[in-house]
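My entries follow in the order in which I made them.

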Amino acid sequence: MTFIRLKTFILLMSVILPSYAYGQKEWALNQPIVEGKSMVGIKLGDSESDVFKALGFPDKIESNFMTEAPPSWQSLKFLLYGLDKDDGLFIFTRDGKVEVIQLLWSGQGTPAYKGKTSKDIGVGDSMDNVKRQYGECEMSRGICWYKKHGISLGGDKVVTFILIAQPGRELPDYLER
């Protein structure tokens with residue numbers, strides 16, 4: 001889908017989504033980041049129904065229906081939310097439960113998501129501050145991963161990427177870059 005078509009689709013969706021989803025979405029965009037547990041008001045382990053209540057229906061849903069998919073991809077679903085023209089939220093579910101929450105910001109404009117970690121880090125904060133607060137990360141699946149915290153904070157100079165997954169584990173192989 002081209003960028004203009006995606007932007008038009010997001011605008012159309014904003015007109016037809018029920019009003020309760022707007023209130024919840026605004027609430028979600030101001031919720032804290034809890035390392036290894038939650039982001040945007042969505043917790044690891046929440047049901048897809050809980051996600052829809054908090055954020056409305058996603059802009060796009062992808063499922064893997066291939067019979068030859070690796071076992072780790074079985075029952076995997078990908079929910080995409082365009083938070084605004086510069087922010088995207090990706091929620092990976094398995095068997096209807098949230099497994100990974102990932103936020104991407106283009107680095108342009110003001111990020112839609114205002115949440116911060118317990119160490120006061122959020123989208124747009126400096127990567128130097130991330131390193132001061134969290135130390136050096138380890139690489140997992142090509143992603144800078146703070147394994148004991150269950151969080152990835154990435155970007156060149158500022159945080160443009162945040163991922164929440166179960167702490168103490170390697171990242172799932174479907175996240176490999």
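The model is a predicted one.

Entry on β4. I looked up the pairing of β4 (residues 76-84) with β5 and found 8 bridges, the two strands running antiparallel. Within this pairing, leucine 80 stands opposite phenylalanine 90 of β5.

Entry on β6. I then turned to β6 (residues 97-105), which is joined to β5 by 8 bridges and runs antiparallel to it. Tryptophan 105 of β6 is the bridge partner of aspartate 87. β5 and β6 also form a hairpin with 2 residues between them, and aspartate 95 in that turn has a positive phi of about 50°.

Entry on burial. Is β5 buried or exposed? I found 8 of the 8 residues of β5 (residues 87-94) buried, so the strand is largely enclosed by the rest of the structure. In a regular strand the side chains alternate between the two faces of the sheet. I therefore checked each face. On one side Asp87, Leu89, Ile91 and Thr93 are buried, and on the other Gly88, Phe90, Phe92 and Arg94 are buried.

Entry on α4. In α4 (residues 127-134) I recorded Met127, Val130 and Tyr134 as buried. Seen down the axis of α4, the buried residues fall within an arc of 45°, so they line one face of the helix. The buried residues of α4 pack against β9 (151-154). Asp128 and Arg132, on the other side of α4, are exposed. Glycine 135 follows α4 and has a positive phi, near 85°.

Note on methods. Residues are numbered from 1 along each chain as its sequence is written. This is a predicted model: local features need pLDDT of at least 70, side-chain atom pairs count only at pLDDT 80 or more; totals for chains, interfaces and linings use all residues. Side-chain values use heavy atoms; hydrogens and water are left out. Buried means under 20% relative accessible area, exposed over 50%, partly exposed in between (1.4 Å probe, protein chains only). Helices (H or I, at least four residues) and strands (E, at least two) are DSSP runs, numbered from the N terminus. Two strands pair if DSSP finds at least two bridges between them. The arc is that of the directions from the helix axis to the C-beta atoms. Contact means heavy atoms within 4.5 Å.
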